Amino acid sequence: MAEADDDQQTVPKVITCLSSLLQRVAESNDKRRLFQSQKMSVFRGLTRPTISITTYLHRIFKHANCSPCCFVLAYVYLDRFMQMHPSLPLNSFNVHRLLITSVLVSAQFMDDICYINAYYAKVGSISTEEMNILEVDFLFGLGFQLNVKPDTFRTYFCFLQREMRLQTPPPFYKFWQNLSKR
């Protein structure tokens, strides 16, 4: 169990906040049954993955070795994609495929060194062929608009920072929590 705690501590908060944000959006869209009216897409799985969004994103972070900035960029790409395709709402049937694809594309665009699609496919528990199809569909879905202006990047990063502050209890709360354990 200590090993799991060590892994948890090495994950940047921006990734934890991104997973929390995506989880809330997917759950909200699931409750509104938006997956039933969703158009067919290569991103839609036949079933909901059993792995949580948080665990999946942590696994991607651990094995992909891409910079935390790639995850902010992946968030920008996801949001752009969703805005360009409102008939494809983010939900529990497509969030994992969209996530691995957006991280792959952001790492290829931003990092000097990144793994090949076959490696990302293995990390994402999908076939290389499916990873390639997802990447192409995602790029066309974005209209190949991968450039992100610094102000836009900063806006998304600041939004994730606000999420971090909302998730972190104030120090006084932690103090009382520690007292109650005694």
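## Aromatic pairs

There are 6 aromatic pairs to look at here, and bear in mind that this is a predicted model. Tyr-75, Tyr-156 and Phe-159 are joined by ring pairs into a cluster.

## The nonpolar core

The largest nonpolar core has 51 residues, and the members that touch the most others are Ile-60, Phe-71 and Tyr-120. Two or more core residues come from each of α2 (13-31), α3 (53-64), α4 (68-84), α5 (95-110), α6 (117-123), α7 (128-141) and α8 (150-167). As a general background point, nonpolar side chains in soluble globular proteins tend to be buried together.

Pick Ile-60 and see what sits around this residue. Leaving aside anything up to four places away in sequence, Ile-60 touches Asn-65, Phe-71, Leu-99, Ile-100, Val-103 and Val-123.

## Helix α3 and what follows

Helix α3 runs for 12 residues and spans 16 Å from first C-alpha to last, close to the 16 Å expected at 1.5 Å a residue. Its buried residues are Ile-53, Tyr-56, Leu-57, His-58, Ile-60, Phe-61 and Ala-64. Just past the end of α3 comes Asn-65, with a positive phi of about 55°.

## How α5 meets α7

The axes of α5 and α7 come within 9 Å of each other and cross at roughly 75°, so α5 is roughly perpendicular to α7.

Which residues make the meeting? From α5 there are Arg-97, Leu-98, Ile-100, Thr-101, Ser-102, Leu-104, Val-105 and Gln-108, and they meet Glu-130, Met-131, Leu-134, Glu-135, Phe-138 and Leu-139 of α7.

## Lys-122 on α6

Lys-122 belongs to helix α6. Is this residue buried or exposed? Lys-122 counts as exposed because its relative accessibility is 67%. In sequence Lys-122 and His-63 are 59 residues apart, yet their C-alpha atoms are 9.8 Å apart in space.

## Positive phi in two loops

Ser-125 is not a glycine, but has a positive phi of about 60°. Ser-125 sits in the loop between α6 and α7, and counts as exposed because its relative accessibility is 55%.

Phe-144, also not a glycine, has a positive phi of about 60° as well. Phe-144 lies in the loop between α7 and α8. With a relative accessibility of 44%, Phe-144 counts as partly exposed.

Terms used. Residues are numbered from 1 along each chain as its sequence is written. This is a predicted model: local features need pLDDT of at least 70, side-chain atom pairs count only at pLDDT 80 or more; totals for chains, interfaces and linings use all residues. Side-chain values use heavy atoms; hydrogens and water are left out. A nonpolar core is a set of buried Ala, Val, Leu, Ile, Met, Phe, Trp, Tyr and Cys residues joined through side-chain atoms within 4.5 Å. Buried means under 20% relative accessible area, exposed over 50%, partly exposed in between (1.4 Å probe, protein chains only). Helices (H or I, at least four residues) and strands (E, at least two) are DSSP runs, numbered from the N terminus. Contact means heavy atoms within 4.5 Å. The expected span of a helix is 1.5 Å times one less than its number of residues. Rings of Phe, Tyr and Trp (its six-membered ring) pair if their centres lie within 6.5 Å; planes under 30 degrees apart count as stacked, over 60 as edge-to-face and the rest as tilted. Axes are lines fitted to C-alpha atoms, for helices over the stretch in contact, and angles run from 0 to 180 degrees between N-to-C directions. Angles under 35 degrees count as roughly parallel, over 145 as roughly antiparallel, 65 to 115 as roughly perpendicular and the rest as oblique.
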